[in-house]
Amino acid sequence: MENSEQQFARRALVIARHLINSDTCNEIASLQTSSCLQYLPPERFSGKPTFDVGAMRELIDGPNVEDRDWLFNLMANSDLFCPKRRGGQLYVLPDYNKPMEHQREMTVKRILYLLDKGIFKGWMTDSSLEIEVRSSILHECLGLYDHSLGIKLGVHFNLWGGAIKFLGTKGHHEKWLQDTEDFVVIGCFAMTELGHGSNVRGIETITTYDPSTQEFVITTPCESAQKYWIGGAANHATHTVVFSQLIINGKNEGVHAFIAQIRDKDGKICSGVRIADCGHKIGLNGVDNGRIWFDKVRVPRENLLNSVADVSPDGKYHSRIADPDQRFAAFLSPLTNGRVTIAVSSLYQSRIGLATAIRYSLTRRAFHLYPDEPEVLLLDYPAHRRRLLPLLAKTYAMSCAANDLKRIYWERTPSDSKTIHVLSSGYKAIFTWHNMKTLQECREACGGQGLKTENRIGHLKGEYDVQSTFEGDNNVLMQQVSKALFSEYSVARKKQKPLRGLGLEHMNNNRPVIPARLDSSTLRNIEFQIDIFRLRERDLLERLATEVSQCVSQGTTTAVAFTLSYELAGDLGRASSERAVLDSFILAETKVAAGSMKDILGLLRTTYALITLEEDISFLRYGYLSPQQSQIIRKEIAKLCDELRPHALALVDSFGIPQPYLSPIAFDWIEANSWAAVQQ
């Protein structure tokens with residue numbers, strides 16, 4: 001037996017002989033001169049765009065393209081946004097691989113940098129439509145860079161600032177809005193509790209009134225009443241809007257909103273306030289979510305946000321809205337803007353995923369189909385096209401719907417409140433679900449490269465998963481959409497009047513009839529697509545009304561009956577939201593002049609319509625389509641994917657996402673992973 005020293009000597013000799021062997025040297029030389037994979041840009045395999053990419057971007061991106069690009073450039077040229085060079089290209093990527101504390105501090109530093117650059121000027125103090133539009137699109141861009149940055153700003157401006165703006169009155173505006181815009185105060189929004197999230201009406205925090213001092217007294221009566229997930233509370237917020245049950249003379253007047261200071265100017269937690277950190281999360285670690293307890297915290301009477309209701313100095317309660325349900329709904333108004341923002345921001349992440357995965361699939365090859373021919377581009381495999389291009393079509397359709405929602409919100413009047421509530425609730429649900437599905441498919445489509453943080457897609461799943469539940473659980477929002485439709489339908493039928501609003505006017509017409517024979521021409525026809533989407537919505541609403549009515553006739557309440565009909569309600573919420581998306585996409589398409597761009601939009605619209613028919617089992621479950629028709633639709637989708645293939649690159653380029661905000665695998669991924677890149 002050899003001892004360890006002899007074994008080492010023998011192995012060293014073998015290695016030495018191998019290194020000086022001439023055959024081995026020749027073999028290495030041969031390998032060095034053999035052909036290796038070379039990166040070729042995706043434009044080589046796509047040709048020139050057949051439509052105006054700039055015009056397409058304006059269609060789906062909405063207004064203020066120049067402002068967007070200016071802000072993207074500002075961030076990319078600041079060291080605070082972590083610019084890095086890989087393979088000769090510049091990329092900006094948030095600090096996802098850094099500790100939670102570092103991410104939080106960097107979020108604040110970026111906000112202060114943007115404040116110094118005047119980005120937030122007028123966001124709280126200028127009520128003009130121009131400023132509202134500009135602040136909205138700039139907020140979208142900041143969120144595209146980093147979800148934590150977008151959320152931190154959204155909590156401060158939209159939730160804290162929005163509550164003061166919409167629930168407060170002139171005195172509150174004069175005292176708080178300028179300081180909010182200048183970050184003299186940093187606000188948060190204390191609505192959610194450990195024991196109550198979506199059910200805001202059931203929150204347990206209690207506020208009473210002391211007429212002797214003209215102060216409100218805010219109390220956390222039990223552990224389940226602690227305010228939870230409050231963005232900004234753990235480290236940075238100085239003030240909060242507290243949502244609480246207001247008890248006046250022993251009577252609970254329902255949920256109201258109060259301003260309370262939680263830290264002084266030096267960052268010290270105020271007397272009577274206890275704060276704890278929610279800790280590390282699967283995403284959004286640049287936001288300092290915290291928990292808050294109030295131990296009989298006193299605030300001045302003027303700190304009640306009193307646009308809806310007020311308490312007189314001697315302790316008498318009065319409200320301009322007599323109905324408690326309507327009064328409660330008014331207190332939830334700040335959440336509407338949040339849902340609009342969430343719906344829109346989710347689509348920007350879908351765009352990042354699709355732009356990355358599709359560009360990669362136009363440069364990455366795998367396997368030979370024929371001898372002596374190059375390996376095949378991923379996007380030239382029909383299965384790969386089928387994975388990505390329907391998601392691309394849905395993202396286009398939803399982007400047009402998001403633009404319509406933003407326009408309605410920007411130009412809103414009191415009569416638009418119900419429409420905005422229904423659309424923002426439905427879109428928030430289906431857009432964020434779509435985003436998670438898209439990111440997962442794009443991650444898988446990029447293989448192992450999709451796992452790397454620098455390539456963004458995989459990490460974005462964790463960052464954006466929260467959108468499915470915050471500011472309204474998606475399944476609960478679907479129920480809210482259905483309740484609003486059910487109410488509208490029931491009132492119209494009871495009064496024997498035509499339906500008006502919420503897109504239900506089509507139910508005043510005859511029930512659509514779907515052709516028994518479906519061919520390519522029929523499937524691509526706008527009228528067919530409109531009819532079958534409307535048929536689904538109409539039938540589901542009628543079924544829901546019948547089912548609820550039958551339950552009520554057997555002695556249950558409408559609320560219980562609706563709860564028991566949750567499956568139909570969920571199907572209806574999705575059906576209504578997807579019908580509204582189709583309506584918006586068709587409207588956008590009709591505004592485009594005849595030509596190649598209109599033709600491409602037609603392909604995208606048909607792909608969106610047919611993939612919806614395929615994915616929603618309701619079309620088969622309730623008999624709107626037969627199994628044979630479903631098979632025909634499936635084959636037509638494959639044809640559409642083939643037709644979209646030559647336009648895929650131009651369509652993702654039309655997203656207008658600057659190169660630094662994508663990732664190395666969207667460009668020269670060989671050079672980005674080279675040894676030379678390692679040495680940079």
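Predicted model: local features only at pLDDT ≥ 70, side-chain atom pairs only at ≥ 80, totals over all residues.
Q: What joins E5 to strand E11 (residues 297-300), and in which sense do they run?
A: Four bridges join E5 to E11, and the strands run antiparallel. Pairing requires at least two bridges, so the two strands count as paired.

Q: What makes strand E4 (residues 206-210) and strand E5 (residues 215-219) a pair?
A: E4 and E5 are linked by five bridges in the antiparallel sense. The criterion is at least two bridges, and therefore this counts as pairing. Within it, Tyr209 has Phe216 of E5 as its bridge partner. The hairpin of E4 and E5 has four residues between the strands, and Gln214 there takes a positive phi near 55°.

Q: Why are strand E6 (227-231) and strand E9 (273-277) called edge strands?
A: The sheet is open, with three strands in the order E6-E10-E9 and antiparallel pairing. E6 and E9 each pair on one side only, and they are the edge strands. The twist averages 35° from one strand to the next. Between E6 and strand E10 (residues 289-294) there are three bridges, in the antiparallel sense; Gly231 stands opposite Asn289 in E10.

Q: Why are H14 and H18 described as roughly perpendicular?
A: The axes of helix H14 (residues 474-495) and helix H18 (residues 566-590) cross at roughly 85° and come within 8 Å. Angles from 65 to 115 degrees count as roughly perpendicular, and H14 and H18 are therefore placed in that class.

Q: Which residues of H14 meet H18?
A: From H14 these are Met478, Gln479, Val481, Ser482 and Leu485, which meet Tyr566, Ala569, Gly570, Leu572, Gly573, Arg574, Ser576 and Ser577 in H18. By class, the contact has six nonpolar, six polar and one charged residues.

Q: At what angle do helix H11 (residues 382-410) and helix H21 (residues 627-644) pack?
A: The angle between H11 and H21 is about 85°, with the axes 9 Å apart. This lies in the range of 65 to 115 degrees, so H11 is roughly perpendicular to H21. H11 contributes Arg385, Arg386, Leu389 and Pro390 to the contact, while H21 contributes Arg634, Ile637, Ala638, Cys641, Asp642 and Leu644. By class, this contact has six nonpolar, no polar and four charged residues.

Q: Why does Arg538 count as buried?
A: Arg538 has a relative accessibility of 9%. Arg538 is found in helix H16 (residues 526-553). Leaving aside residues up to four places away in sequence, Arg538 touches His506, Met507, Asn509, Asn510, Arg511 and Pro512.

Q: What makes Val185 buried?
A: The relative accessible area of Val185 is 7%. The cut-off is under 20%, and Val185 is therefore buried. Val185 is found in the loop between helix H8 (170-181) and strand E3 (187-190). Leaving aside residues up to four places away in sequence, Val185 touches His156, Trp160, Trp176, Asp179, Thr180, Thr238 and His239. Val185 and Thr238 are 53 residues apart along the chain, with their C-alpha atoms separated by 6.0 Å.

Methods: Residues numbered from 1 in each chain as written. Heavy atoms only, no water. Axes fitted to C-alpha atoms, helices over the stretch in contact; angles between N-to-C directions. Parallel < 35°, antiparallel > 145°, perpendicular 65-115°, else oblique. Contact = heavy atoms within 4.5 Å. Nonpolar A, V, L, I, M, F, W, Y, C, P; charged D, E, K, R; others polar. Buried < 20%, exposed > 50% of the residue type's maximum accessible area, 1.4 Å probe, protein only.
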